[in-house]
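Open the model in your viewer and keep the selection tool ready. The stops below go residue by residue.

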Amino acid sequence: MNRKTEILAPAGSFECVLGAVRCGADAVYLGTKDFNARRNAENFDFDELKKTVEYCRARGVKVHITLNALVSDEEFGAALLVIKHVCALGADVLILQDLGLARFAGECAPALERHASTQMSVQTAAGLRLLQKLGFSRAVLPRELSKDEIASLRASTDMELEMFVHGAQCMSVSGQCYMSAMLGSRSGNRGLCAQPCRLPFSAGEPGRHDLSLKDLSLIDELPALSALGIDSFKIEGRMKRPEYVAAAVTSARQALEGDFHSDTEEKLKAVFSRSGFTKGYFENSRGPQMFGTRRKEDVTAASSKILSTLKNLYSKEKPRVPVRFFLSVIRGEKISLSAKAGGKTVFISGETEPEKAQNKPISKELLSQWLSKCGATPFFPEKIEIELDEGLTVSAGEVNRLRRAALEKLEAELGAVKSVDFTDKNAAVPPHTAKEEKKFCIVLSNAAQIPENLSNVENLFFPLNVEEKYVESVKNKGISIGIDIPRALFGVENKVRSQLERVKKLGITNALCSTLDAVALAKDCGFTVHGGFGLNIFNSRSKVVLEELGVKSITLSPELTLAQIEKIGGTAPQGIVAYGRLPLMLVRNCPVKNVKACAECKGKSFLTDRMGIRFPVLCRGYFQEILNSKVIYLGDRLDEIKNVDFLTFLFTREKRETVDAVLNAYRKGRGVKGEFTRGLYYRGVE
C-alpha cells in the first residue's frame, strides 16, 4: 500500500495555523464556535475559517473541521448549518462523533470526507469495518492501544488510520467519560470537559493525583509508525499556544526526515508537559510511571527565552509550494511571465518591451537568479524556463515586479474557494410511541446477583464469563437473557469472539452492546443486538442509524434530560439508565495499582476526591470502571419519565438482596433512603 504520511496539527487560533503550516504540517484541524470537542478553545467564526481555508489551500495544506460533539434534536438544524458553511468554504474533512450527524452529513454532502473521531471509541477490526460501512474514510484510533495492537488493526483494514502522537492524554477512553458531566454538567462528549481528573483523586493517602496521566509523546517513533502504514500523525493541543504547535510540528517533521535531535524532547517538555512524557500504552507498559501532574517546574520551564526561540520557528513564511516559471524576453514584444503550481497557471504581461543592450546583454543565468528570489512567499522555484533573444537587456526591477505579481496572483488562484456540493435534506424523524408499561432491563456484573423476583423483567444481561448454572436458573421464565459485551476490547477481539461462541451454545442469543465494536462483534457472531448507554445516543437521527443496523432496543444517553428524552423519535424500544452507579470513566491503566497490588485490592477499592467523596473502582480484569459515588434513583419519579419503553438497572457491587429490594421499590414507585442522585435527567449538560 502506497501511503503518504500526514502530520496533522491542532489550531485554536489563526496564529496556531501559521505555526503549524510554516513548520511543515500537512493538515490542520480546528473547530467552529460550536459542536466540537474543544469548545473552550478560541476557535473560528466563519470569516476566520474562510481566511484559514484560503491560506491553507494556497499552500497545499488540508483543513479538517472538528464537529466531534453530540448534538441534541433541538441543535440538529444549527449543526447542519455549520456543515453547509463548511461546504461553501471548501474545507476538506469533517471529524465526527455523533452517529446521526455523521449519517446526515453524508447524505447532504457526499463529497465531503468524513473521519471517525476517537470519541467513537472504536478499538477493533470489526469496529473499523462497521465505520467503513457507515461511510467513514478514516478512523482516529484510541490512545490506549499498544504498538502491536496498532499493527494488528493496520493489517486488518485498508481504511485510513490516524493516531495521536503527542499531547495530553485523558484518563478515560475517549467517548466513555461522564465524570465532568455528572460532577458539574460540563460534558466531555459535547466539548466542555472541565478536566476534573486533573484534580486530586487518591487511591491511598489524601492529595494524590491518581487520575492524571502524563502527556503522550511518540515523536521519535514516527519513522517506525510511518513504515507500519499509519496515515496521519495527530498532535493534540487546540487549547495550546502557537509556540507549542510550532515546536511539536517541527519535531514531528524532523523525526520523519530522520533528523530527530537529542534535545528535541527537552524543548517539547519545556513548552508543555505534565511531569514529562510517557509511552506507556504504546509500549504496553502501563503502571504508576504513566501518571503525572502539571508541576511548578513544568510551568516555569516555558521561559520567555524559549518561547521567543519557538516563535521564531514560524515568524516568516516558509517555501513549500513548487512553482514553474516561463519568462519570455523577445524582441518587439512586451516581457511576460507565466507561473504554474498546484494545477493552476497565471500569466503576467510586462509594461515595456526589452531594450537593445548598449553594453553587455542580459543572460539567462541572471534572469534565472532574479526569478529564484521567492522569499516571503510560500513558493520555491522547481523549474525555470527562459526564452531570450540575443542582444537584449531588461531591468531587475521589471523582472522582480513580474515575479511578485505572478506569485501573488497564483497564491490567490490556489486559495480560491472551491465549494463542496450541499443539498438540504429533511432531518425529521417520526415520533416514538412508547409502550404504556415500562419493562425492566437488568445488567448484572456478577451472575450471582440474579433477583428472586423476575416479574416485569423483560431483558436480563449476564457478564461475559457467566457459568452455565446461572443461565439455566433463569431459562424458561419468560424473559429474554443475554450477554453484556465489555466496552473495552483492546487486543481481546478474538478472545471475546470465542466467549460469545461459548455463551451462544448455552442458548444465549442476545447481546448488550455499548460500543460500535460490540455491535459489530455481536452481529458477526449472529447475536440480536441491544444498544447500551455507551453508544451515546443523544438524538433521534443517531437512534435511527442503530435501528438501520438492526439494533433491537436502545438505552439512550445518560446525558439527556427527561424533557429531551420525551421528544426522541424512531421505532425501536428505547430506555434510560434508571438505577445504578453510572460508570464515570472507562480506564485501561488501573489507578489503584499506584498504591496497592491486585491481591490487596481484591476489586473493592475506592478513589477519594478532595472533598472526601468516595468513588468505587470496579475491576473488570483487563480494564476498570470508575463508578459514581451515588446511585441514580428514579423509583419515585416514574410518572415523570415519558416516552420510555424500559428502565435499565446497572447492578455493580450490590448483593442479591439489594437487587431485589431495588426492583421491588421501582415496582411500587417508592422513594429510597440514603444518598442518591437524579443523574442529569433534570439538570442536563452544557
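Select Ser-605 and show its surroundings. Beyond its neighbours within four places in sequence, Ser-605 is in contact with Val-592, Lys-596, Pro-616, Val-617 and Arg-653. This is a predicted model. Now pick out the side chains of Ser-605 and Lys-596: a polar contact of 3.5 Å joins them. Colour by secondary structure next. Ser-605 sits in the loop between helix 20 (598-601) and strand 26 (606-609). Is Ser-605 buried or exposed? Its relative accessible area is 4%, so Ser-605 counts as buried.

Next, the cysteines. Look for disulfides and you will find zero. Select Cys-590, which is in no disulfide. Its nearest cysteine sulfur belongs to Cys-601, 6.1 Å away. Cys-590 has 11% relative accessibility and is therefore buried.

Now go to the nonpolar cores. The largest has 202 residues. To find the residues with the most contacts inside it, select Leu-131, Phe-462, Ile-483, Ile-485, Ile-576, Leu-647 and Tyr-666. Stay on Ile-485. Leaving out neighbours within four places in sequence, Ile-485 is in contact with Val-496, Leu-500, Ala-511, Leu-512, Cys-513, Ala-518 and Ala-522. Last stop: another core, apart from the largest one, has 27 residues. Select Val-321, Ile-348, Trp-370 and Leu-407, which are among them.

How values were computed
Residues numbered from 1 in each chain as written. Predicted model: local features only at pLDDT ≥ 70, side-chain atom pairs only at ≥ 80, totals over all residues. Heavy atoms only, no water. Helix = DSSP H or I, 4+ residues; strand = E, 2+ residues; numbered from the N terminus. Buried < 20%, exposed > 50% of the residue type's maximum accessible area, 1.4 Å probe, protein only. Polar contact = N/O pair within 3.5 Å; in protein donor to acceptor, adjacent residues only side chain to side chain. Contact = heavy atoms within 4.5 Å. Core = buried A, V, L, I, M, F, W, Y, C linked by side-chain atoms within 4.5 Å. Disulfide = S-S within 2.5 Å.
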